[in-house]
Amino acid sequence: MDGLQGISSDAEGVGAAIPPRPATKLPTLAFLRAVATNSLSALDEELFDELIVARRYLGQRVFFVSDPDGIKRVFLDNFDNYPRYRYIRRLFQAGLGTGSLGTEGELWWRHRRIAAPAIDHRAIMPDIPAMITSAEEFAGHLDVVAGDQVFDLEAVVTRLLIGLWNQVVTGGDPAAVPMLNSLAKYPRKPRLADFTPLGPLLDPLRPKSQRGGKIAAFDEVLYRLVDTRRDAAYRGPHDLIWRLIHLRDRKTGETLPRTDVRDEAASMIAGGVSPTVRALTWVWYLLAQHPEIEARLHRELDARLEADPLAPDQLPQLSFVRQVIEETMRLYPPIPGILREAAAADVVCGRRVPARSIIAILPWVVHRHRRLWSDPERFDPDRFNEENSAARSRFAYVPFAGGPRICVGASFAMTQMLIVVAVLARRFRFRLSADHPVRAVGRISLHPHGGLMVTVERRGVAMPLTAARR
Ligand code: HEM
């Protein structure tokens, strides 16, 4: 791990490498290069000390806002003035059309008013037993196979989660799995040109697979699912796609047109699978690094979950599991950066922000900011117990953003993560492979470079795994 700054590592010396922070602002070209390869390496010390930092790159004004009052101003109080940064929006719009990840204004509101109740806690409650069963079955596969292979836990978690998603999106139709897998990888890796006016001019020159083509290939499946549920003769489950078709806009009473249903379903899958996988991967990474916290989590699971399998009404009782997940998303926010653009001039925490400035609210920075957190690099789930959470501004912790555009799937994500951690941690411990140092890379999401290579032990009995990769 030469040249890399490690976070505290365990007894075996397996630490997560995060790139060193530049002491001062990088020159523009070095900054842009760093953003394109690993955005974490572009963020210098000043950003972790100052609550608002104004910069210019190639004449473009950028405000790095970490002050919770400033974040509240942008996400909530003056939300209309801060649409998503146009180039990020364009990346999503290419394949997701009218889906809420890529739209603004009245079109976005129309989608949001239908999408939110289609995926909120009440809507997914009936799916929780099927999600638990799906996770238990998956754990069963891990349980029966022995071996001592090192494997990529991120790939395993992806497979497990796709099963849970499928329960919610289609009621468990196996034909939908390739479509879910493909959408989970959207959008393609951005290039520097995507963040300039050149982007759309270069688009036609790219291979079809990089222009949303892969998504188009699965439209057939997606539209078949939509059309079946639009048919008056449909008697199947009232799953997410069914709800997106039949829920009415509470303001206008209208439903979404057929193509908009496709776009919104695609938007949710593209927006939701990858960050949930990332969050869970970092949970296992941190638990492996902190045996005392892992032991506490096991104690809670053993004490609370007497019955096998896990029951839906036990999820809210898993308060320490929840704290571990929340603290993981503080240190390793799955979406490390959120960019907005000022439509008109504004004042944020006393600073004048001219129109067209970029506002960078970076959970990676906000969550490790020295003025917001004591000992910010330390993994300490007690930061999220009731008392400590109540003492903090809501806008000092923004893994799901905030305000009207807060992640529409936050509650669904938390439910999935509770299920997966509870089901897997009851049975297994994952150990980091000493041969594969972990390196955190920030792009649209924050991930360990090359996955998270681990071995698995059955709790109490050594039990390495191979089955999950078949
Ligand atoms: C741990 C998991 C997740 C994290 C950390 C996360 C994070 C975020 C963040 C930060 C945003 C705001 C992005 C921006 O404004 O630029 C967002 C938006 C969004 N997320 Fe999530 N997300 C997660 C899971 C999910 C899930 C499970 C879904 C499934 C429905 C989902 C669907 C969306 C959609 C559709 C948007 C756009 C919302 C809008 O603009 O109205 N996300 N998410």
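**What the words rest on**

Reply: The chain's secondary structure comes to 19 helices and 13 strands. This is a predicted model, where local features need pLDDT of at least 70, side-chain atom pairs count only at pLDDT 80 or more, and totals for chains, interfaces and linings use all residues. Residues are numbered from 1 along each chain as its sequence is written.

Me: What makes a stretch a helix or a strand here?
Reply: Both are DSSP runs, numbered from the N terminus: helices are H or I with at least four residues, strands are E with at least two.

Me: What share of the chain is buried?
Reply: Buried residues make up 43% of the 470 residues. A residue is buried if 20 or more other C-beta atoms (placed from the backbone) lie within 10 Å of its own, exposed if 12 or fewer, and partly exposed in between.

Me: Why is something called a nonpolar core?
Reply: Because it is a set of buried Ala, Val, Leu, Ile, Met, Phe, Trp, Tyr and Cys residues joined through C-beta atoms within 7 Å. The largest one here has 122 residues, and Ala265, Ile269, Val283 and Ile361 touch the most other members. Helix H14 (residues 258-289) gives this core its largest share, 17 residues.

Me: Which residues does Ile361 touch?
Reply: Leaving out residues up to four places away in sequence, Ile361 touches Val65, Ile71, Val74, Ile338, Val366 and Val398. They count as contacts because C-beta atoms, placed from the backbone, lie within 7 Å.

Me: How many residues surround the ligand?
Reply: There are 24, and the closest are Gly271, Gly272, Pro275, Cys407 and Gly409. To be near a molecule or strand, a residue needs its C-beta atom, placed from the backbone, within 6 Å of it. H14 brings the largest share of this shell, seven residues.

Conventions:
Two residues are in contact if their C-beta atoms, placed from the backbone, lie within 7 Å.
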